[in-house]
Amino acid sequence: MCGIVGYIGKENCVNFLVEGLKRLEYRGYDSSGICVLNEKKLSCYKKTGKIVNMESTLPSEVIGKSGIGHTRWATHGEVTDANAHPHLSANGKFAIVHNGIIENYQVLREKLIADGFEFKSTSDSEVIAMLLEKNFSGNFEKAFYQTLSLLEGTYGIVAVFADEPDYLMVGRKGSPLVLGIGDGCTFVASDVSAFLGHTKQAVYLEDNEICKIYADSFITTDFTLEKKQKEIATIEWDAIELDKKDYQHFMLKEIFEQPESVARAYAGRILADIGTAKLGGLNMEPRELAAVDNIGIIACGTSYHAGLVGSYLLEELARLQTVVHIASEIRYKNPILRRNSLQFAVSQSGETIDTLLAMREFQRKGGKVLGVCNVVGSSIARESDGGVYVHSGPEVAVASTKAFTSQLTVFLLFSILMGRMRDMSQYRGVQLIEDLQQIPQKMESILKKSEQIAEIAKKYAGLNNFLFLGRGISYPVVMEAALKLKEVSYVHSEGYAAGEIKHGPIALVDKNTPVVFVVPQDHLHDKMVSNIQEVKARGGRLIAVCNEGDEKIRSLVEDVIEVPKTEPLFSPLLTILPLQLMSYYVAKELGCDIDQPRNLAKSVTVE
Ligand code: AGP
């Protein structure tokens, strides 16, 4: 949450700051601002609303060879120009941008007020700028160290001082920051997408690191001033992947990328002739893997739903008992770590704070946690004990789509790998791998139905409550479908286990309730038919996602979206696609801000 950019170099940085913030807008978009330093004078521009609002307030001649910028997702203090970042110190000499929460800001603020400092905002972050001024006694760097030592909570901070134009100070504790090493300039940002068009050389900062950045160098220390050696990594993503191309929205583009992204998730990881998978990043010897007899999965939101699908796969294919935890719950529950257990932390961004902190809690207890992340070099990817990148490519829309199917693919590979180490025959493994390799082509055929799906979405878009029902491995699919619809269209929707509706939710059904059934031809098909009939008898509007040629289902429902047949355990990779598209088209019909839905941010880095 909140996006940070900073620059120091030879060029005027205003364009970079604004464009960089636009790249980070998915992290928060209630207000934004930039502050640039020119001839020892700081100029600050801030505005509520999208970045274009702030951009439109910039005078034509703003110049700065260094500067900082911020896009905000409010936590403390309402959405106002004054609460937007950057925040200036009382004397206007220090400016900061901050991502995170300063938990002791009230105490610090009261002391500063007693010392005569006047605050302009109600944000927790403003204390940082004031503390820099208060702690300054001739040395900016020292004042920065002192200030950080007083802060409790989480932060990624970049600070600039008007009288020291040659460097910026950067500090990280709990909120991601990465440096971009340019040609005669240095960038800093919450994630690499901000500077990807300028450099692919990145330095990831760790928690409790402070960095002094110059145009052509940087010095990193820990909080005890001990110097740290940092590696320069090369970013694999291309800037072009951050463009919408001809699509109207990133969400649509990312839905359509799934045949490719799923193929990328398994590329180079299958051993087709012996029917198994190889996942080098696990950092585990076969003997160690063979000793695992139970799995835990930690995640939030869509990644949690992917974990739930993963649990069906692991239990069915590898006969490994699997428990899936909502990260924000398990981290306060004193989790029980069973012997011979292996945990997965699943996160597209790799920065979700609850998942990261839950992962650390398991590690503290001696557990081994593997990351399933998309963003290379993210906190979870770096702090986990090994893992698997899902390789979806950058996901920009706040609503996660392609990361979900890539996460499922990784769980499939891992389940086949573990299955083959346990009871699964080579024959079964070979068959499964063949089925997996057909998925991208089957996805293509579903995407060709987007016009039909748009028509169905249009028909039901005016209705206020949707129910999504599924059984078995389709249950997490309907949970994910309901999440997708509510987040992009603001229409209330529930994803329920179809067998549970008689225990309450069927009371919601009336002639204005679209009920969407996910009903692939698996061992639960007949049970689903009964559930459909129960809802039909109560007058619901019935829609089904079923397999091609399923006349039984067609005869029972008002609208049908057919998907190709596949191995039943792989059906989530196909059945979710029409439901992602349906959410997209309902939101479009309702005129919603699809890529940046209200109140949300892509990367939830505060608790
Ligand atoms: C997905 O559409 C949501 N925006 C959200 O639930 C997301 O999946 C969740 O915040 C977890 O994010 P992560 O995968 O980056 O950890």
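This is a predicted model: local features need pLDDT of at least 70, side-chain atom pairs count only at pLDDT 80 or more; totals for chains, interfaces and linings use all residues.

Residues are numbered from 1 along each chain as its sequence is written, and side-chain values use heavy atoms, with hydrogens and water left out.

**Shell around the ligand**
- The ligand is surrounded by 15 residues (a heavy atom within 4 Å), and the closest are Ser303, Ser347, Ser349, Thr352 and Glu487.
- By class, the shell holds 5 nonpolar, 8 polar and 2 charged residues (nonpolar: Ala, Val, Leu, Ile, Met, Phe, Trp, Tyr, Cys and Pro; charged: Asp, Glu, Lys and Arg; polar: the others, Gly among them).
- Domain 2 (245-446) and domain 3 (449-597) each supply at least three residues of the shell; the bounds come from an automatic or database domain assignment.

**Polar contacts and cover**
- An oxygen atom of the ligand lies 3.0 Å from a backbone N or O atom of Thr302 (polar contact: a pair of N or O atoms within 3.5 Å).
- A polar backbone atom of Val398 is 2.9 Å from a nitrogen atom of the ligand.
- A polar backbone atom of Ser400 is 2.8 Å from an oxygen atom of the ligand.
- Of the 410 Å² of accessible area that the ligand has on its own, the protein covers 91% (Shrake-Rupley method, 1.4 Å probe).

**Backbone geometry**
- Most residues other than glycine have a negative phi, and most peptide bonds are trans.
- The peptide bond from His85 to Pro86 is cis, with omega near -5 degrees.
- Asn208 has a positive phi, near 65 degrees.

Notes. A polar contact is a pair of N or O atoms within 3.5 Å; within protein, one must be able to donate a hydrogen and the other to accept it, and residues adjacent in sequence count only if both atoms are side-chain atoms.
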